[in-house]
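Open the model in your viewer and keep the selection tool at hand. The tour goes from stop to stop, with something to select at each.

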Amino acid sequence: MSTEPTAAGKGLRPARTNATRQKLFDASMELIGERGAASVTVDEIAAAAGVSKGTVYYNFGSKSELIAQLLRHGVDILKAQLLEAADSEGTGRDPLLAMEAMIGQAMDFMAEYPSFARLWVSENWRIPSEWQGTFSVLRRELLEVIGQAVERVAKTYPVDESVSRGSLETAIFGACFVVGLDRQTYNPERTRDQSVAAIMAIMRGYVLKEPAPRG
């Protein structure tokens with residue numbers, strides 16, 4: 001048995017891992033988005049993914065572990081997109097443009113996987129939650145990516161030092177999920193750029209204006 005660590009601290013069985021996880025991720029997110037994690041059965045997930053129930057248990061062991069690893073899978077996709085945006089050509093050396101690109105990628109992720117965003121928002125702050133430990137690990141990883149981007153801004157621009165860095169990172173993190181999900185659910189007429197601009201207003205409020213030269 002593989003000893004590869006997972007977000008829930010268990011080994012992931014090696015068979016057909018990547019392809020199976022993507023199939024199960026897509027199927028599970030659609031079902032969970034419709035009815036919630038508690039109401040969806042392994043049989044339904046397997047059928048929607050086009051795999052056997054035995055394949056689900058062979059690869060994940062249980063429904064709880066399946067959900068935990070699907071959360072990990074979704075966050076890995078989101079992290080990769082954020083890091084690619086931060087390092088992409090075209091942002092130049094301006095960390096505010098890099099942050100804007102990252103938020104744009106977050107909006108694209110919410111548009112592609114709205115059910116993942118719903119699962120995150122509905123379960124992440126539920127106490128107790130079956131996946132509280134998993135959420136804690138994944139949340140910390142995403143905040144670290146945002147924190148690195150904020151740090152680059154702070155090294156380039158004068159910023160408001162009275163603002164708690166941790167609170168700022170959390171505000172941007174939460175806004176990406178809430179604004180992205182609200183757009184998908186209630187305000188589809190809002191454009192991606194409008195959503196990005198609204199979240200960037202938080203970041204731009206952290207950056208102090210350079211003093212105007214005296215005439």
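Start with the classes used for linings: Ala, Val, Leu, Ile, Met, Phe, Trp, Tyr, Cys and Pro count as nonpolar, Asp, Glu, Lys and Arg as charged, and the others, Gly among them, as polar. This is a predicted model, in which local features need pLDDT of at least 70 and side-chain atom pairs count only at pLDDT 80 or more, while totals for chains, interfaces and linings use all residues. Residues are numbered from 1 along each chain as its sequence is written, and side-chain values use heavy atoms, with hydrogens and water left out.

**Stop 1: the cavity**

A cavity is a set of points on a 1 Å grid over the protein atoms alone where a 1.4 Å probe fits but cannot get out; lining residues have an atom within 4 Å of a point. Points are joined across faces, edges and corners, and volume is the space filled by probe spheres set on them. The count is one cavity of 30 Å³ or more. The largest cavity holds about 110 Å³ of space. Select L82, A106, I146, F173 and C176, the closest to its centre among 13 lining residues. The lining divides into 13 nonpolar, no polar and no charged residues.

Now colour the helices, which are DSSP runs (H or I, at least four residues) numbered from the N terminus. α4 (63-87), α5 (95-112), α7 (132-156) and α8 each give two or more residues to the lining of the largest cavity. α5 gives the most, with five residues.

**Stop 2: the aromatic rings**

Rings of Phe, Tyr and Trp (its six-membered ring) pair if their centres lie within 6.5 Å; planes over 60 degrees apart count as edge-to-face, under 30 as stacked and the rest as tilted. The structure holds nine aromatic pairs. Select F109 and F116: the ring centres are 5.5 Å apart and the planes stand at 85°, so this pair is edge-to-face. Both F109 and F116 are buried (under 20% relative accessible area, with exposed over 50% and partly exposed in between; 1.4 Å probe, protein chains only).

Next, select W120 with F173. This pair is edge-to-face too, at 6.1 Å centre to centre and 75° between the planes. It links distant parts of the chain: W120 sits in helix α6 (residues 114-124) and F173 in helix α8 (residues 165-185), 53 residues apart. W120 is buried at 0% relative accessible area, and F173 is buried at 3%. To see the cluster that ring pairs build, select F25, F109, Y113, F116, W120, F135, F173 and F177.

**Stop 3**

How many of the eleven residues of α6 are buried? Eight are, so the helix is mostly covered. Among them are P114, L119 and E123.

S129 is buried, at 10% relative accessible area. Step back to P128, in this loop. A cis peptide bond joins I127 and P128, with omega about -5°.

**Stop 4: Y157**

Finish in the loop between α7 and α8, at Y157. Y157 is partly exposed, at 25% relative accessibility. Its side chain makes a polar contact of 2.9 Å with the side chain of D94.

How values were computed:
1 Å grid on protein atoms, 1.4 Å probe; cavity = no way out; pocket = protein on both sides within 12 Å on 5 of 7 lines; lining within 4 Å. Polar contact = N/O pair within 3.5 Å; in protein donor to acceptor, adjacent residues only side chain to side chain.
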